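Colleague: Thanks for sitting down with me. Could you take me through this structure and tell me what stands behind each label?

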Amino acid sequence: MTLLHITSDSDPRDIRLHTTDRVRIAAELATRGILFDRWDVRPISADAGTETVVNLYDDQIEDLNSDGRYQHIDLVRVHPDDSNPRWPEQARTAREKFLSEHSHAEDEVRYFAAGRGCFYLHLDPEVVAVVGEAGDLISVPAGTRHWFDMGARPDFAAIRFFEQADGWVGDFTGSPIAESFPTLDELIA
């Protein structure tokens, strides 16, 4: 379920908007300078590699990157592996890495090819939580303070777009703000 949940940045109980209406989500995000789009989902097998998945979206990627801005396009995939006894710890470690507020020197552009995740955008005086699911594209502008939650049992595949090879270098703020807000699992419960 695609979801937009907007609250005060000082009080997560002060809910200003909570909607699953994709048209409203796109409009609300656009007023805040956030690109949100929807692409048709293409089925991907569990063992499909980066090139296979990216190639499924050649036309959409070509449109998005018509100016050649994105020099590096890849796939990040996190999928539960119950046969691996270290999986729970690996998932927890991966999740915790992104749960701290940070920003980037370039836009953070993600297309969810499968699964879901939640971007929390700290846009004074509010926090805008966007739960993206398969088919959703979001572009978080450079310099936007945010954090990302992949849930307690991460399961998603996202195509990532970078201008530079080191595009995902986070500038962490050190703020504990993320600890006060509902997790992805709490938002979709």
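**Buried and exposed residues**

Modeller: Gladly. Let me start with Ser139, a buried residue with a relative accessible area of 8%. Please keep in mind that this is a predicted model.

Colleague: Why is Ser139 called buried?

Modeller: Buried means under 20% relative accessible area. Ser139 has 8%, so Ser139 is buried. This serine sits in strand β8, which covers residues 136–140. Beyond its neighbours within four places in sequence, Ser139 is in contact with Ile34, Leu35, Asp107, Glu108 and Val109.

Colleague: And how do you know whether Phe36 is buried or exposed?

Modeller: The cut-off for buried is under 20%, and Phe36 has a relative accessibility of 10%, so Phe36 counts as buried. Its place is strand β3, residues 35–38. Leaving aside neighbours within four places in sequence, the contacts of Phe36 include Arg22, Ile25, Ala26, Leu29 and Val130.

Colleague: What makes Glu51 exposed?

Modeller: Exposed means over 50% relative accessible area. Glu51 has 61%, so Glu51 is exposed. You will find Glu51 in helix α2, residues 50–56.

Colleague: Which residues is Asp82 in contact with, leaving aside its neighbours within four places in sequence?

Modeller: Asp82 is in contact with Trp87 and Arg153. Contact here means heavy atoms within 4.5 Å.

**Distances and a peptide bond**

Colleague: What kind of peptide bond joins Asp124 and Pro125?

Modeller: A cis peptide bond, with omega at about 5°. Most peptide bonds are trans. Pro125 lies in the loop between β6 and β7, the latter being residues 126–133.

**The whole chain**

Colleague: What makes the protein chain as compact as a globular protein of its length?

Modeller: First, the inventory: the chain has 5 helices and 11 strands. Its radius of gyration is 16 Å, close to the 16 Å that the globule rule gives for 189 residues, so the chain is as compact as a globular protein of that length. Along the principal axes, the C-alpha atoms fill a box of roughly 45 × 45 × 30 Å.

Colleague: How much of the protein chain is buried?

Modeller: Buried residues make up 46% of the 189 residues. The accessible surface comes to about 9,400 Å², and 48% of this belongs to carbon and sulfur atoms. As for contacts between residues at least 6 apart in sequence, 75% join residues at least 24 apart.

**Two pockets**

Colleague: What lines the largest pocket?

Modeller: The lining consists of 15 residues, and those nearest the centre are Val76, Phe98, Arg110, Phe148 and Phe156. Two or more lining residues come from each of β4 (72–78), α4 (87–98), β6 (108–123) and β10 (156–162). β6 gives the most, with 4 residues. About 210 Å³ of space lies in this pocket.

Colleague: Which classes of residue are in the lining of the largest pocket?

Modeller: There are 11 nonpolar, 1 polar and 3 charged residues. Phe is counted as nonpolar and Arg as charged.

Colleague: And what is the volume of the second largest pocket?

Modeller: The second largest pocket has about 160 Å³. Of its 14 lining residues, Leu99, Ser100, Trp147, Ala178 and Glu179 are the closest to the centre. By class, its lining has 7 nonpolar, 3 polar and 4 charged residues.

Colleague: Thank you, I can follow the labels now.

Technical notes. Residues numbered from 1 in each chain as written. Predicted model: local features only at pLDDT ≥ 70, side-chain atom pairs only at ≥ 80, totals over all residues. Heavy atoms only, no water. 1 Å grid on protein atoms, 1.4 Å probe; cavity = no way out; pocket = protein on both sides within 12 Å on 5 of 7 lines; lining within 4 Å. Points joined across faces, edges and corners; volume = space filled by probe spheres on them. Rg over C-alpha atoms; globule rule 2.2 N^0.38 Å. Buried < 20%, exposed > 50% of the residue type's maximum accessible area, 1.4 Å probe, protein only. Areas by Shrake-Rupley, 256 points an atom, 1.4 Å probe, with all protein chains shown as cover.
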